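Here is a short note for a colleague who is opening this structure for the first time. Please keep the view beside the text.

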Amino acid sequence: MKSARREKPIPHVVISQDFGQDPPSIYCPVCGTLILGNDQENTCEHVLFSYVSEADEFSTMASAYREALEKITARADPSNWVKKALKLFKGKESVFCLTINFGGFACGPIGFAVSVAFDISPKGWKHSHGDDRE
């Protein structure tokens, strides 16, 4: 009797910065592109999505997953968007997500999170900026 193989969950690394530190900069671990940081937002072929809690939106989406991610934002509570989005990539061993929590003071203490999902082996999908990735 064969046992059913369970798909591994997508690895999700969560890092919490010390309160009051500058917002984080996130670079692609494959090509080194600055994805988020220094008041910039970029993308590369390895980014599946980026999510910024301050705006409650996916700010970057690979076009192959855009429709599914937009459905998530229409139906789910924003606090669950990243968790639900990662389910789209179940079974893809080349995908992982990095979330960094950080905070500071405005009129009182505030906290934010940025999440970026990467595919370190992107083949055959289009990115939101329209380039074919073969």
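The points below start with the sheet and then turn to its strands and a helix.

1. The model is predicted. Keep that in mind throughout.

2. Begin with the open sheet. It has 5 strands, in the order E1-E7-E8-E5-E6, and the pairing is mixed. Strand E1 (12-16) and E6 are the edge strands, each pairing on one side only. From one strand to the next, the twist averages 15°.

3. Look at the E1 side. E1 pairs with strand E7 (residues 95-105) in the parallel sense, over 5 bridges. Isoleucine 15 is the residue opposite isoleucine 100 in E7.

4. Now find strand E5 (residues 47-52). Is E5 buried or exposed? Buried means under 20% relative accessible area. 6 of the 6 residues of E5 are buried, so the strand is largely enclosed by the rest of the structure.

5. E5 has strand E8 (residues 109-119) as a partner. The two run antiparallel and are joined by 5 bridges. Valine 47 faces phenylalanine 118 of E8 as its opposite residue.

6. E5 also pairs with strand E6 (residues 57-61). This pairing is antiparallel, over 4 bridges. Here tyrosine 51 stands opposite phenylalanine 58 in E6. E5 and E6 form a hairpin with 4 residues between the strands. In that hairpin, aspartate 56 takes a positive phi near 50°.

7. Finish with helix H1 (residues 66-75). H1 lies across E5 and E6. Relative to E6, H1 runs at about 175°.

Technical notes: Residues are numbered from 1 along each chain as its sequence is written. This is a predicted model: local features need pLDDT of at least 70, side-chain atom pairs count only at pLDDT 80 or more; totals for chains, interfaces and linings use all residues. Side-chain values use heavy atoms; hydrogens and water are left out. Buried means under 20% relative accessible area, exposed over 50%, partly exposed in between (1.4 Å probe, protein chains only). Two strands pair if DSSP finds at least two bridges between them. Axes are lines fitted to C-alpha atoms, for helices over the stretch in contact, and angles run from 0 to 180 degrees between N-to-C directions. Contact means heavy atoms within 4.5 Å.
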